[in-house]
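Please open the model in a viewer and keep the selection panel at hand.

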Amino acid sequence: MKLYDIAHSRAGDKGNTLTLSLIPYKESDYSMLCEKVTAEKVKAHLKEIIKGEVVRYELPNIASLLFVCQQALSTGVTTSWVMDAHGKTLSYALLEMEI
Amino acid sequence: MKEKIRVGCGAGFSGDRLDPAVILVEHGELDYLVLECLAERTIALAQKRKLQNPQAGYDPLLERRIELLLEPLLRKRVKLITNMGAANPQAAAGKIIEIAKRKKLQVKVAAVVGDDVLTSIDPTAPTLETSQPLVTHGSLISANAYMGVEGILEALQTNADIIITGRVADPSLFVAPMMHAFGWTEQNYDLLGKGTVLGHLLECAGQLTGGYYADPGKKDVPDMAHLGHPFVDVQADGSGMLGKVKGTGGLINLDTVKEQLLYEVVNPHAYYTPDVIADFTSVKLMQHAQDEVKVMGGAGQSKPNTLKVSVGYQAGYLGEGEITYAGTNAVGRATLAGEIVKERLRSVLPDLRIDLIGQNSVHGNAFHRNEPYEVRLRVATKTSDASLAALVGEEVEALYTNGPGGGGGVRKYVHETIGIVSTLIDRQLVKPQIIVKTS
């Protein structure tokens, strides 16, 4: 099963830092996501993209996770030479993860 | 003191649609309309326009937005708060007065200035991102401090119809009218934290109402061509009810709100604005009715002693060229085309970015699937020299007659790049001032 099947995500950017939310469609899947989708797993899954540290925040009140990924946007939005300088499409790269 | 105010957000970035704000004013029964139009880089670009023309430097869509909104705003008694002043709020206010006079409308406009700290900033101050002195990045073009609510509050007290700012933290555009209406003080950190949550939810406009959310078959959103932009009914206790005008497209549900709550947040325990360090982890959401979500919680404890300054610098040029290949062995021909360009430019541009759009251009090769039927080669470079940057497009274009078979649809671009880095400044050094003009 892919994350895509049970959860959704939005990517955001701050300088060279990428933020990825992970939100289960069913709040009852939250604890399973906490268990399976660790910061290490996200870093390994996106190793071609994220060069720095990944920190995971848990938000039980809204049953959501947030991954904050350092050095992930090829020098940052304003000076990047990649197609998607904001990393806006990367939410769907996260959702490709098999669990 | 009021018990409730309704604040709408009719634009979430400079290039946003024009019509949702008009619908909000005409049918939203708003007290305040906010238009958030200033991204990190926008102000540096505006500063460059101002250098060429002292009357320029405000948002390029200001005139079109005001032409549409001015009469309904005044008729419906909705106050407008916007950062469309960009690098030149004073000139923006003057332009609004000019439009009002032509339309024979009475309007009072307050410009909030004081964010421009280019002359007072220390160029050897460390950059937050790299710890290197600011000047090492390149020639500095602009330096704008993120101001908080102070200037907007003062402008609200003048009873201005329109308040136009330069760089102000996005949530402050929303928190200021809440403070003004409910008598919250600058030390009511818990309430400011709650208000900041609501401001953060609204600041990207359509991103709360189903925009940037839809995925057909999985997350369906109705009538996105007519997406309604959001408003919030804020209570004096800092709780809010999110909604949109009936009959508009889009949707508001727990999922759209969760996606936006966490958007661009780097620490949900400590979301920094000039007004408050807000906690987003205590936020609770409840679907109240169709397209209505109640927002409770959120908190704040203090405010930072320093303000963030966004510094724009000359970062050279981005040169790009693109060409498409299709049919059997499209990937093979595109790959060969990229190798040819690389070899041709090796001596002058040893560092080239080669992408196959449709195959690996945004997520790399980790998620590679079957070969696409068509693929677009993109070659890019970054260089301090504009003519070198242009060489990339020229070489890609020359593939027409010198490269692999069947290449088509060449586009070439050279863009001047403005880099943005950040530094901190003592907040005592940033003094907001207001300039009031009437038609």
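Accessible areas here come from the Shrake-Rupley method with a 1.4 Å probe, and for residues only the protein chains shown count as cover. This is a predicted model, in which local features need pLDDT of at least 70 and side-chain atom pairs count only at pLDDT 80 or more, while totals for chains, interfaces and linings use all residues; side-chain values use heavy atoms, with hydrogens and water left out. Residues are numbered from 1 along each chain as its sequence is written, and chains are lettered from A and ligands numbered from 1 in the order in which they are written.

**Stop 1: chain A**

Select chain A and colour the selection by secondary structure. Traced from the N terminus, the order is α-β-β-β-α-α-β-β-α. The radius of gyration of chain A is 13 Å, close to the 13 Å that the globule rule gives for 99 residues, so chain A is as compact as a globular protein of that length. That radius is taken over C-alpha atoms, and the rule is 2.2 Å times the number of residues to the power 0.38. Along the principal axes, the C-alpha atoms of chain A fill a box of roughly 40 × 25 × 20 Å.

Now display the surface of chain A. The accessible surface comes to about 3,900 Å², and 53% of it belongs to carbon and sulfur atoms. Of the 99 residues, 59% count as buried; buried means under 20% relative accessible area, exposed over 50%, and partly exposed in between (1.4 Å probe, protein chains only).

Next, select Q71(A) in the loop between β5 (64-69) and α4 (90-94) of chain A. Most residues other than glycine have a negative phi. Q71(A) counts as partly exposed because its relative accessibility is 47%.

**Stop 2: chain B as a whole**

Switch to chain B, which has 11 helices and 18 strands. Its radius of gyration is 24 Å, close to the 22 Å that the globule rule gives for 439 residues, so chain B is as compact as a globular protein of that length. The C-alpha trace of chain B spans about 75 × 50 × 50 Å along its principal axes. Of the 439 residues of chain B, 56% count as buried. The accessible surface of chain B comes to about 18,200 Å², with 50% belonging to carbon and sulfur atoms.

Colour the domains of chain B separately: domain 1 is 4-116 + 146-305 + 428-438, and domain 2 is 311-422. These bounds come from an automatic or database domain assignment. The centres of domain 1 of chain B and domain 2 of chain B, taken over C-alpha atoms, are separated by 38 Å. Where the two domains of chain B touch, five residues of domain 1 are in contact with six residues of domain 2; contact means heavy atoms within 4.5 Å.

**Stop 3: a loop residue and helix α6 of chain B**

Select R167(B), in the loop between β6 (162-165) and α6 of chain B. Is R167(B) buried or exposed? R167(B) is buried, with a relative accessible area of 1%. Leaving aside neighbours within four places in sequence, the contacts of R167(B) include L38(B), E40(B), D115(B), N144(B) and Y146(B).

Continue to helix α6 (residues 170-182) of chain B, where 12 of the 13 residues are buried. Among the buried residues of α6(B) are D170(B), F174(B), M178(B), M179(B) and F182(B). Just after α6(B), G183(B) takes a positive phi of about 75°.

**Stop 4**

Move to K194(B), in helix α7 (residues 189-202) of chain B. K194(B) counts as buried because its relative accessibility is 15%. Beyond neighbours within four places in sequence, K194(B) is in contact with D237(B), G238(B), G297(B), G298(B) and A299(B).

Finish at E29(B), in the loop between α1 (19-27) and β2 (32-35) of chain B. E29(B), a residue other than glycine, has a positive phi near 50°. With 67% relative accessibility, E29(B) counts as exposed.

Note on methods. Helix = DSSP H or I, 4+ residues; strand = E, 2+ residues; numbered from the N terminus.
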